[in-house]
Amino acid sequence: MKMEFKQTVVAIAVIFGLSVSFNSNAEVAQPTQSAPTINQRAAEKQAEQMTSAAIQVLNLIDQGKSGEIWEGLSSTIEPKVSKNSFTQRIAEDQRTLGAPSKRQQISAYRSEANGQSNIPKGIYYSVIFETNFAKGQGRELVSFRFDNDQIWRVAGYSLTRTVGK
């Protein structure tokens, strides 16, 4: 039985790129310091996926299709903001700053809200971009919420002017 356990651990370690050490007191697979852990790789993959989704949202905004974003909002957010209010706010931001010319992602992070503030309880993922516009610079934040049906949906978009021209 002990040998079967070691073989199973070694097989799992090989599949996931881990190094294994055994001693007489414990039989545990240990990740190496240099190789990323499974959790690190999963987090990196999620960051890439959420950044890609955020870019898709920004492309819809750039094309004047913010109504399509509102239609796909998280079910906990949609009742809090009307479609008209959402699209008008984004259109006003576009008029104020003009067309975007360059975006650079500066942050992506996952967070959890406990529901004690204005933010509904849940798991969120936010991606922030520093963006150059025709009439200035700003920070764009695209947030997603992991809804009860296990799907990430847009939870919000905001634009904060950082530098004027």
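Guide: Begin with the order of elements: read along the sequence, the pattern is α-β-β-α-α-α-β-β-β-β. That comes to four helices and six strands. Keep in mind that this is a predicted model.

Visitor: How many residues does the protein have, and what share of them is buried?

Guide: The protein has 165 residues, and buried ones make up 28% of them. The accessible surface comes to about 10,400 Å², with 52% of that area belonging to carbon and sulfur atoms. For the contacts, take pairs of residues at least 6 apart in sequence: 47% of these contacts join residues at least 24 apart.

Visitor: How do I check a helix against its length? What should α2 span?

Guide: Count 1.5 Å a residue; the 25 residues of α2 should then span 36 Å, and the end C-alpha atoms are 36 Å apart, so the two values agree. The helix covers residues 38-62. After α2 comes G64, which has a positive phi, near 75°.

Visitor: Which residues of α2 are buried?

Guide: In α2 the buried residues are Q46, M50, T51, A54, V57, L58 and I61. Take I61 as a case: leaving out residues up to four places away in sequence, I61 touches I69, I90, Q94 and Y157.

Visitor: What is the general idea behind a nonpolar core?

Guide: In soluble globular proteins, nonpolar side chains tend to be buried together. Here the largest nonpolar core has 24 residues, and the members that touch the most others are V57, I61, V142, F144 and Y157. At least two residues of this core come from each of α2, α3, α4, β4 (122-133), β5 (136-146) and β6 (152-164).

Visitor: Now the strands. How do β4 and β5 run, and how many bridges join them?

Guide: They run antiparallel, joined by 10 bridges. The two strands form a hairpin, with two residues between them.

Visitor: Last, charged pairs. What is the general idea, and how many salt bridges does the structure hold?

Guide: Side chains of opposite charge can pair when their charged atoms come close. The structure holds eight salt bridges. One of them pairs R103 with D62, whose closest N and O atoms are 2.7 Å apart. R103 lies in strand β3 (residues 100-113) and D62 in helix α2, so the pair ties together parts that are 41 residues apart in sequence. Both partners are partly exposed: R103 has 26% relative accessibility, and D62 has 35%.

Visitor: Which parts does the salt bridge between K83 and E71 tie together?

Guide: In this salt bridge the N to O distance is 2.5 Å. K83 belongs to helix α4 (residues 83-97) and E71 to helix α3 (residues 66-71), so parts 12 residues apart in sequence are tied together. K83 is partly exposed at 32% relative accessibility, whereas E71 is exposed at 52%.

Visitor: What about R139 and E130?

Guide: R139 forms a salt bridge with E130, and their closest N and O atoms are 2.8 Å apart. R139 is partly exposed at 41% relative accessibility, and E130 is partly exposed at 22%. Salt bridges can also share partners: in this way R145, D147, D149 and R153 are joined into one network.

Technical notes
Residues numbered from 1 in each chain as written. Predicted model: local features only at pLDDT ≥ 70, side-chain atom pairs only at ≥ 80, totals over all residues. Heavy atoms only, no water. Salt bridge = Lys/Arg side-chain N within 4 Å of Asp/Glu carboxyl O. Buried < 20%, exposed > 50% of the residue type's maximum accessible area, 1.4 Å probe, protein only. Core = buried A, V, L, I, M, F, W, Y, C linked by side-chain atoms within 4.5 Å. Contact = heavy atoms within 4.5 Å. Areas by Shrake-Rupley, 256 points an atom, 1.4 Å probe, with all protein chains shown as cover. Pairing = 2+ DSSP bridges. Expected span 1.5 Å × (residues − 1).
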